[in-house]
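Q: I'm new to this one and would like to learn how to read its features. Can we look at it together?

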Amino acid sequence: MRISLLRRSLVAAALAASASVAAAQSSQYYAEMQWRQIGPTRAGRARALDGVANEPNVFYIGFDNGGVWRSTDYGSTWQPIFDEEPTGSIGAIAVAPSDPNVIYVGSGAGIIRPDLSTGDGMYKSTDGGRTWTHLGLRNSQMIAQIAVDPANPNRLFVAALGHPYGPNEERGIFRSTDGGQTFQKVLYKDAYTSGNDVRIDPKHPNVVYATLWQQQQGFNENGAFGGAGNGVYKSTDGGDTWTQLTDGLPSVIQANLAIAPSDPDVIYAMAAGAGETNGRGGRGSSTTGVVGFYRSNDGGAHWHLAIDDPSVPASARPERGDPRPLARIGGGDLPTITVDPSNPNVVYSASTVLWRTEDAGLTWTAVRGAPGGDDYQKIWINPAHPKILLVVADQGGVVSANRGESWSNWYTQPTAAVYHVTTDNAFPYRVCGGQQDSGSACVDSKSPDGEITFHDWHPVNIQEYGEAAPDPKDADKVYGSARTNVSLYNRRTAQTTNVGPSAEQRGTAYGRNVRTMPIEWSPLNPNLLFYASNVVWKSSDNAHSWTRISPDLTRQSWAVPANMGKYASQVTPSPQGSITALSPSPRSTGILWAGSDDGN
């Protein structure tokens with residue numbers, strides 16, 4: 001027995017020594033390797049922005065997954081200034097108007113939607129973004145808006161969305177009067193209702209407007225819950241007490257606000273109201289609401305649809321306005337609005353196009369992004385130089401110094417949100433993936449020009465959140481996963497084809513998909529291609545035909561998750577899951593690993 005134990009000890013020691021040598025060799029092999037940025041250089045989705053009125057060349061933008069960036073040359077170049085902080089998800093930025101060295105940042109993606117990243121509360125810089133201090137509201141997870149007193153950099157309001165997937169108490173409207181050292185919850189309804197927007201009257205800082213939004217993302221993709229009865233609120237005593245504004249507004253589900261700086265009695269609201277009609281062709285369900293563009297001329301006491309402006313004779317009003325400025329931003333986001341600092345009738349709307357009205361909403365003109373454009377998120381107008389515009393979109397931030405006649409580009413902010421990464425067998429090899437909000441890309445791993453630029457990446461027409469699977473036998477063919485199908489892009493012909501599995505094969509039983517569906521080649525057999533829905537599919541003939549090789553691998557029954565809270569009665573347990581991870585074994589063609597999004 002003692003000899004046996006001794007032998008085991010000797011074997012263990014030998015194995016440990018061997019592992020130590022292997023680790024040292026591995027470290028030696030990789031010690032000289034360094035990370036390098038290879039693109040794609042186009043930016044990802046940005047929701048947060050601000051600028052400096054008296055320094056018209058200085059701008060700040062914040063990305064859903066990319067931190068805070070600053071430009072000091074009108075958007076020609078951008079530098080990251082938040083990379084040392086523990087979160088890169090940014091929902092709101094506010095530069096103190098009276099002291100541009102004071103910058104507040106709210107983390108979390110800033111809008112609750114199916115694709116998001118949470119944050120860890122509020123941050124502050126007092127040296128123009130060189131260093132940062134964490135303030136608080138860590139459990140809010142998502143911050144949508146920050147408003148700073150025009151004359152006092154230590155007084156601010158924060159609209160906290162709260163947890164996106166369940167109720168929590170740290171949500172609503174918060175106020176700080178000591179520069180963020182402490183926060184007081186000043187407007188709150190319940191653990192299900194978020195603070196969505198907050199604005200300070202630029203001439204009367206004790207007048208504050210805010211909106212509340214009842215919402216919750218579901219436990220499976222694209223499931224959402226909520227209701228009406230939230231609305232627009234006003235305080236005239238600096239946030240101590242609040243009154244809900246209802247005269248002329250629908251039963252508001254969600255609203256975004258804008259105050260006219262030159263006439264703060266003029267307020268606009270882009271509002272989604274349950275069961276309301278807006279006379280402009282807006283669309284929506286009982287969940288998302290019908291969108292309307294409203295105006296108040298008396299500080300929110302009374303509202304009217306902009307197309308029904310009482311100051312315009314009925315005979316002179318458009319019979320039907322253009323509904324596109326009311327179109328929701330991609331993902332269902334409500335359009336955001338901003339008023340020109342010098343003219344209360346000039347308003348910009350950020351939706352699938354950047355729109356501008358010169359007549360308080362009666363007519364609109366596209367400023368950037370032809371219809372079907374780029375999903376614009378927010379607008380900032382320099383209050384001292386109204387021709388200077390900063391706009392953030394799903395592709396990053398752009399600046400115009402001439403009221404939108406020309407713009408900087410967004411190939412200067414490498415903040416792409418890429419779901420999966422694969423490589424092909426070309427030389428030099430290419431790195432491929434789907435980029436959120438911008439589609440797919442394959443990037444050359446090296447450039448003959450000495451530097452990889454936006455010229456070295458090209459779309460391969462898979463979905464924005466899909467996975468690319470370059471053919472190991474022919475790198476010019478790239479297969480891609482989509483929500484309902486598999487695509488094939490051919491570089492030689494620049495054509496894309498849907499290659500199955502067919503709708504008849506999938507049916508209702510085998511076709512449950514979400515955004516990030518896996519598609520993988522066997523590492524042992526270059527003819528075997530696997531794809532997953534709620535079952536696993538296999539093709540051995542370049543996707544000409546598919547065979548189902550697994551049963552449904554997701555849950556068939558389950559208990560309603562506890563975080564559904566008051567919405568639990570709206571949930572009916574049923575098969576809803578999908579396979580979101582798939583890995584063929586590198587050791588055996590008969591072994592595959594699969595993971596589902598429902599915990600099975």
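Q: Are C432 and C442 buried or exposed?
A: Both C432 and C442 are buried, where buried means under 20% relative accessible area, exposed over 50% and partly exposed in between, using a 1.4 Å probe and protein chains only. Keep in mind that this is a predicted model: local features need pLDDT of at least 70, side-chain atom pairs count only at pLDDT 80 or more, and totals for chains, interfaces and linings use all residues. Residues are numbered from 1 along each chain as its sequence is written, and side-chain values use heavy atoms, with hydrogens and water left out.

Q: What joins C432 to C442?
A: In general, a disulfide is a covalent bond between the sulfur atoms of two cysteines. Here a disulfide joins C432 to C442, S to S 2.0 Å (the cut-off is a pair of cysteine sulfur atoms within 2.5 Å). C432 lies in strand β30 and C442 in strand β31, so the pair ties together parts that are 10 residues apart in sequence; strands are DSSP runs (E, at least two residues), numbered from the N terminus.

Q: How do I read an aromatic pair, and how many does the search find?
A: A pair of aromatic rings is described by the distance of the centres and the angle of the planes. The whole structure has 15 aromatic pairs, counting rings of Phe, Tyr and Trp (its six-membered ring) with centres within 6.5 Å; planes under 30 degrees apart are stacked, over 60 edge-to-face and the rest tilted. One of them is F59 with W380, edge-to-face at 6.1 Å centre to centre and 80° between the planes. F59 and W380 are buried too.

Key:
Helices (H or I, at least four residues) and strands (E, at least two) are DSSP runs, numbered from the N terminus.
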